[in-house]
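Open the structure in your viewer and keep the selection tool ready. We will go stop by stop.

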Amino acid sequence: MIGGIDTLLEGMLLGGVYALFAVGLSLIFGIMRLVNLAHGDIIVLGAYLILTAMAAVGVSLGVATLLTVVAMFLAGFALQRLVLERVLGEDILPPLLVTFGLSIVLQNGLLLIFGADSRRLQAGAFEATSINLAPGLSIGLAPLIALLTAIVVVALLQLLFYRTLLGRAFRATADNPEIAQLMGIDQRNIYAFAVGLSLAVSAIAAVTFGIRSNFDPSIGPARLLYAFEAVIIGGLGSLWGTLAGGIVLGLAQTIGGRIDPEWQILSGHLAFLIVLILRPHGLFPAGRR
Amino acid sequence: MTALVNVHLLDAFYGDFQALFGVCLELQPGETVAIIGANGAGKSTLLKSLAGLVRNRRDAIKFNGDDIGDAPAASIVRRGLALVPEGRRLFPSLTVEENLLIGGYGDKRGAPWNLKAVYDVFPVLRERRNSDVTILSGGQQQMVAIGRALMSNPSVLLCDEISLGLAPIVVEDIYRTLPLIRANGASVVIVEQDVARALRHCDRFYCLQEGWVTLSGRPSEVNQDAVRAAYFGS
């Protein structure tokens, strides 16, 4: 009984990390209809940036994360204005190829600079702290904060999208970029802001992930796969759906892993396939309000 | 009096296809000008050129004395030329009110046109402010499209086929708002398939045929045969 609850809690907490992976991907796809194949590597880049800020500059994990969020936002803005903008158009293949290339560049660049050793972000005592819920049932503080962070990030993005002028401009541009220009919306800045936001969220994903598990330059594509699955399970275009998708994926992996450790990853993929068969539009497809 | 909009020898292209040939057009402050012509005559291209969706030679279009022929659409609406696009093209993810608000995205003035003013002209939109635009009737959608363009407080309102697909009685309702829009300081350019209606509501008109201006003038000064010849060719 306790074991069962423990597994469910564990799965949900893992889902928080996956949701954070997925939100950045979902953002860019939702607004620009662009699939960013470098998304996983961008998360890994974020983790290395935080690591570097802590080691080289000597700041705490919190400050390093904050710096990285800002740096990644600016990098995303520049990435769109200097690179992606040139290939966006009617044809969806060129931007796909460019992000694929970016993925390879990032992996090899990180390998060159940091080597192939696996690293981990050190969160000090915080990392080992856990909360006792019942005798024999406790949850780690760090994973709990990761899930809460995912919820807060989704809630803030939801506010941005549905309560602000910028959010309306995002949605209008997603609906019809040409007509959005007629409203005085400069599409180039809107897209650049969207990519910046996606990378900033990826930096937040990076810190929760880097505390939880080891990372090395080669693991990006697998994170991209989890992010994809979470987005599709949740339903394209819905941020709360993406959060739910992450949690479903986390639960499936944890339950599978409890049955047999070798099944952990496989059961995540199986859950994805089952959702795809039963509900091809995901659990919470974007309701055109 | 200097013209508000001055189009001089405009050749407009879609890729290699030339849609307009040496078009000249003037719009005075407070005027309503109609552009008539058959399908494919270049009417919509002319409006899209004015709105910046089709980019042209820089000095082909002057607005308030500035060359805007090659300016991007987003900067043109900020200068005061707003387009009501053909087929309405509302944003389906936005509610009625959000569609109107996005129209005022780049507007700093907030007057005379704001949410209240638009709702006063189209009261039915106030009742449906939180509705999904896709469930509105065609006429109501057209009102949102016009209101959305007005929210930018334009000095020129460009209306592309605002009667398309609407019942005649609804079309008259919509045309009745044009004098009010002019009274609030905007000149109006209407593109219209229905020649009689266009001539009834305009001060001056231009007739296009296969990209050329074949006739222009005041409705009272031309006879029907001349319009027919300019419209269909002879």
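**Stop 1: the interface.** Show chain A and chain B together. About 2,100 Å² is buried between chain A and chain B, and 62% of that area is on carbon and sulfur atoms. Why quote an area at all? The size of an interface is often given as the accessible area lost when the parts come together. Keep in mind that this is a predicted model.

Now select the residues that touch. On chain A, 20 residues are in contact with 22 residues of chain B. Between chain A and chain B there are 4 residue pairs in polar contact, both residues at pLDDT 80 or more. Which elements of chain A give two or more residues to this side? They are helix H7 (165–175) and helix H8 (177–182) of chain A. H7(A) supplies the largest share, 6 residues. Colour this side of chain A by class, and you will find 10 nonpolar, 3 polar and 7 charged residues.

**Stop 2: a salt bridge across the interface.** How many salt bridges does the rule find across the interface of chain A and chain B? It finds 1. Select B:Glu98 and A:Arg171 to see a salt bridge, with the closest N and O atoms 2.6 Å apart. Side chains of opposite charge can pair when their charged atoms come close.

**Stop 3: B:Arg89.** Stay with chain B and select B:Arg89. This residue sits in the loop between strand E6 (81–84) and helix H3 (96–103) of chain B. What does B:Arg89 touch? Leaving out residues up to four places away in sequence, B:Arg89 touches A:Asn176, A:Ile179 and B:Arg148. B:Arg89 counts as partly exposed, because its relative accessibility is 39%. B:Arg89 and B:Gln141 are 52 residues apart in sequence, and their C-alpha atoms are 9.0 Å apart in space.

**Stop 4: a link within chain A.** Over all chains, the structure holds 20 salt bridges. Select A:Arg258 and A:Asp6 for one of them; their closest N and O atoms are 4.0 Å apart. A:Arg258 lies in helix H11 (residues 239–259) of chain A and A:Asp6 in helix H1 (residues 2–32) of chain A, so this pair ties together parts 252 residues apart in sequence. Show the surface around A:Arg258. Its relative accessible area is 44%, so A:Arg258 is partly exposed.

**Stop 5: a pair within one helix.** Move to helix H10 (residues 224–232) of chain B, where both B:Arg228 and B:Asp225 lie. They are 3 residues apart, about one turn of the helix. Their salt bridge has its closest N and O atoms 3.2 Å apart. Buried or exposed: what is B:Asp225? B:Asp225 is exposed, because its relative accessible area is 53%. B:Arg228 counts as partly exposed, at 45% relative accessibility.

**Stop 6: another pair in chain B.** Select B:Asp59 and B:Arg57. They form a salt bridge, with the closest N and O atoms 2.7 Å apart. B:Asp59 is partly exposed, with a relative accessible area of 38%. B:Arg57 is partly exposed as well, with a value of 39%.

**Last stop: a network.** Which residues of chain B are linked in a network of salt bridges? Select B:Glu172, B:Asp194, B:Arg197 and B:Arg200 together to see the linked network.

Key
Residues are numbered from 1 along each chain as its sequence is written. Chains are lettered from A and ligands numbered from 1 in the order in which they are written. This is a predicted model: local features need pLDDT of at least 70, side-chain atom pairs count only at pLDDT 80 or more; totals for chains, interfaces and linings use all residues. Side-chain values use heavy atoms; hydrogens and water are left out. Contact means heavy atoms within 4.5 Å. Buried area is the accessible area (1.4 Å probe) that two parts lose on being put together, summed over both. A salt bridge is a side-chain nitrogen of Lys or Arg within 4 Å of a carboxyl oxygen of Asp or Glu. A polar contact is a pair of N or O atoms within 3.5 Å; within protein, one must be able to donate a hydrogen and the other to accept it, and residues adjacent in sequence count only if both atoms are side-chain atoms. Helices (H or I, at least four residues) and strands (E, at least two) are DSSP runs, numbered from the N terminus. Ala, Val, Leu, Ile, Met, Phe, Trp, Tyr, Cys and Pro count as nonpolar, Asp, Glu, Lys and Arg as charged, and the others, Gly among them, as polar. Buried means under 20% relative accessible area, exposed over 50%, partly exposed in between (1.4 Å probe, protein chains only).
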